[in-house]
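Have a look at the model first.

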Amino acid sequence: MSSAGVQPAYAESVPGTVNDGVVAVIQLEGAVDPVMESYVRRAIEEAEQSRAELIVFEMNTPGGRLDSAEALGLLIAESPIPTVVYVNGKAASAGSYIALSADKIAMTPTSMIGSAAIVDVNAELVDNPKVVAAWSSMMKGAAEANGRDGTYAVAMVDVKNEIKLPKLDRTKKAGEVLSLDTKEAIRVGYADYEATSLQELLTQMKRSNPLILTIEVAASEKIASFLMNPIVATVLLFIGIAGIAIELIVPGFGVPGILGVLSFGLYFFGAYVAGLAGMEAFVLFILGLVLLVLELFVPSFGILGILGSASLITSVVRAAYDTSDALLSLGIAFIAATVVVVIIARIFKHRGVWNRFILREQLTTEEGFVSTRNASELIGEIGVALTTLRPSGTASFNERKVDVVTDGGFISAGKRVKVIHVEGVRVVVREHADD
């Protein structure tokens with residue numbers, strides 16, 4: 001991950017005379033997402049470089065993506081430095097899995113942990129048996145890996161079944177999920193410490209005067225977390241597609257094109273900071289734009305347009321954490337952008353790029369254009385039939401060969417003929433008797 005925009009870590013000593021080692025503090029605030037995962041990876045590396053003896057994860061999260069939670073749990077579980085999650089508020093849903101992955105758990109008196117049933121983006125319960133079973137196993141495994149009773153972790157996930165909870169002297173009923181307050185968490189072994197402050201926690205852990213190394217969330221990571229929100233990402237894709245399409249199809253505005261490029265730039269910036277997009281995504285995006293522009297001016301039977309569209313779609317998908325989510329966002333953005341572009345194109349049809357390829361000039365006689373030589377001047381002229389007229393053929397008038405037709409009679413070659421009528425390119429003759 002790029003270190004651009006990363007804020008420095010801050011070190012401070014708890015009042016005393018001798019420092020009792022280095023304790024790194026990492027913040028887990030807000031929704032669990034790929035940016036949090038990237039931040040924690042960076043923070044753990046900084047803690048290792050600073051030779052920290054303990055990492056405290058200050059947590060307050062309502063949950064978030066399960067895949068990001070799984071990755072975060074693995075980072076914490078595999079940390080070479082002892083870890084403790086200090087819950088100051090919520091360790092709900094995906095946050096409970098992250099907390100259970102730590103060596104120790106501490107909680108403030110008013111905190112909670114649990115309520116980890118799986119829900120979709122609409123906050124509706126997911127009842128897919130395979131998905132629920134997998135998540136339940138992960139929760140149980142994380143708990144048991146650190147000496148905790150896995151039954152309570154399962155009760156945090158399983159909505160359908162009754163589960164007896166002997167240490168709480170109650171049974172979790174079907175339709176409910178388990179959520180533990182601080183006292184209950186300590187009773188069942190899901191919390192090791194109750195502390196009102198970080199200093200109190202460290203004192204309980206026999207680290208009365210450590211050097212505190214606070215690893216801040218970078219400003220770029222905060223921005224990226226906002227940009228990676230599925231709704232925000234969809235809006236950015238919509239503005240990007242609509243803006244660039246309007247600028248290409250109805251050129252001359254400038255603003256739509258600028259907004260489109262900026263929106264795509266923000267989309268890729270968020271993905272880059274989250275560690276999801278590399279230079280290949282940017283290259284594919286630029287290549288796609290170039291191909292689409294060429295399609296407007298180079299006849300390729302749609303090949304350039306197809307390749308350009310494929311390149312753009314690939315770049316967006318490669319910059320996303322989840323392919324299905326990316327395609328859904330891209331589909332919604334494309335449909336909405338198409339509606340807007342069609343409306344704009346109709347309103348400003350006189351400025352459309354198609355006008356460059358349409359011949360607007362009328363080739364009229366008034367403008368000096370003549371498709372064929374005017375034959376009306378031949379009326380009354382006398383000539384000779386060069387071919388037999390049955391009734392059409394060729395006649396000569398003052399050495400000018402003209403396609404003619406008789407008024408109904410048969411005229412042999414060599415006979416004299418007279419033009420009696422002209423209608424457009426149709427010259428009508430009749431045999432002319434010699435005086």
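UniProt positions are given here in the numbering used for this model, feature names are shortened, and annotations may be inferred rather than shown by experiment. With that in mind, the unreviewed UniProt entry lists residues 231-254, 266-294 and 327-348 as "transmembrane region". In the model, residues 327-348 are 95% helix and 0% strand, with their end C-alpha atoms 31 Å apart.

The model is predicted, so local features need pLDDT of at least 70 and side-chain atom pairs count only at pLDDT 80 or more, while totals for chains, interfaces and linings use all residues. Numbering starts from 1 along each chain as its sequence is written, and side-chain values use heavy atoms, leaving out hydrogens and water.

Now the whole chain, in brief:

| Feature | Value |
|---|---|
| Helices | 13 |
| Strands | 16 |
| Buried residues | 43% of 435 residues |

Helices (H or I, at least four residues) and strands (E, at least two) are DSSP runs, numbered from the N terminus. Buried means under 20% relative accessible area (1.4 Å probe, protein chains only).

On to the helix pair. The axes (lines fitted to C-alpha atoms over the stretch in contact, with angles from 0 to 180 degrees between N-to-C directions) of H9 (residues 230-249) and H13 (residues 323-347) come within 8 Å and cross at roughly 35°. Contact means heavy atoms within 4.5 Å; among the residues that meet are Leu237 and Phe238 in H9, and Phe334 and Val340 in H13.

Conventions:
Buried means under 20% relative accessible area, exposed over 50%, partly exposed in between (1.4 Å probe, protein chains only).
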